[in-house]
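This report concerns a single model and its ligand site, sheet and domains. The sequence and structure are shown first.

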Amino acid sequence: MNLEVSSLSKKFLKNGNPIVVLQDINLFVENREFVCVVGASGSGKSTLLRLIAGLDSPTSGAIVVDGHPVCGPGSDRGLVFQNYSLYPWMTVAENVGFGLKLQGFTDAERQQRVGYYLEVVGLAKFASAFPKTLSGGMQQRVAIARALASRPKILLMDEPFGALDLFTKESMQEFLLQLWQQTGTTILMITHDIEEAVFLAQRIYILSANPGTIAGEILISFPESRSFSLKKSRHFMKFKNQVSQLIRS
Ligand SMILES: Nc1ncnc2c1ncn2[C@@H]1O[C@H](COP(=O)(O)OP(=O)(O)O)[C@@H](O)[C@H]1O
Ligand SMILES: [Mg+2]
């Protein structure tokens with residue numbers, strides 16, 4: 001098992017009153033699996049991802065990555081957020097290599113890895129460009145390359161395509177599926193977009209709101225290689241309906 005979350009709860013204080021945002025969350029992601037968590041806005045998706053990333057600590061429960069309990073941020077988890085979160089004053093290559101520098105890689109090792117992951121995301125030509133000169137989709141590919149460069153045990157993504165226009169979003173979904181197959185990365189992605197989740201995931205957890213609890217789990221029995229024509233199939237509609245019913249229940 002690559003990621004295991006057990007009996008996880010999180011309370012926040014809102015205007016002095018405690019509110020339960022996540023309650024008794026149990027989920028897992030197997031090695032090389034692509035899992036999505038789908039929920040409405042405000043259901044606690046980002047809170048869940050921040051806890052797994054170690055950016056905040058749970059009120060109770062446990063998070064274990066590859067056998068090690070999470071007690072803070074770490075290079076075993078790669079992060080990609082909705083807002084590109086690239087450093088605007090650094091070039092694309094410097095952004096991708098930033099974490100490696102912190103981890104003490106030599107210049108030569110860093111350059112080699114940065115070059116490799118820029119190839120993987122198809123941006124080798126843009127190594128010395130600055131983020132603001134790139135489109136939103138390209139910036140997200142840089143963020144993905146940066147997250148992969150540390151060779152994390154799992155890639156954690158919080159609505160990574162939420163800020164992109166529909167056309168770019170759909171091509172990024174195809175790109176991510178190919179990347180997942182090529183690199184064998186384990187992925188946990190959070191989204192409010194049901195169609196996106198059904199298209200990408202092998203398994204979906206449905207997060208219901210107030211308090212955030214896992215309302216169900218659906219196995220998406222499509223082959224790993226998927227193309228857009230799938231979105232028009234009856235089977236695809238059936239999965240979408242199942243997910244939306246669970247979210248509303
Ligand atoms: N640091 C915080 N302090 C207080 N409340 C918070 C904090 N972070 C999130 N919340 C609350 O938790 C709930 C879930 O937020 P969030 O995890 O961002 O949901 P989602 O990502 O699903 O939209 C919201 O009601 C939000 O206001
Ligand atoms: Mg969110």
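The model is predicted: local features need pLDDT of at least 70, side-chain atom pairs count only at pLDDT 80 or more, and totals for chains, interfaces and linings use all residues. Residues are numbered from 1 along each chain as its sequence is written, while chains are lettered from A and ligands numbered from 1 in the order in which they are written.

Ligand 1 is surrounded by residues including Phe12, Lys14, Val21, Lys45 and Thr47 (near: C-beta atom, placed from the backbone, within 6 Å). Both β1 (3–14) and α1 (45–53) supply at least two residues of this shell, and α1 gives the most, with three residues. Helices (H or I, at least four residues) and strands (E, at least two) are DSSP runs, numbered from the N terminus.

An open sheet of six strands runs β6-β7-β8-β3-β9-β10 with mixed pairing (strands pair if DSSP finds at least two bridges between them). β6 (77–80) and β10 (213–219) each have a single partner strand, so one side of each lacks a neighbour in the sheet. β6 pairs with β7 (residues 154–158) in the parallel sense over four bridges, and leucine 79 has leucine 156 in β7 as its bridge partner.

The domain assignment, automatic or from a database, gives these bounds:

| Domain | Residues |
|---|---|
| domain 1 | 3–76 + 154–248 |
| domain 2 | 86–151 |

Their centres, taken over C-alpha atoms, are separated by 25 Å. Twelve residues of domain 1 contact nine residues of domain 2 (C-beta atoms, placed from the backbone, within 7 Å). Helix α5 (residues 166–183) contributes five residues, the largest share of the domain 1 side.

Definitions and conventions. Two residues are in contact if their C-beta atoms, placed from the backbone, lie within 7 Å.
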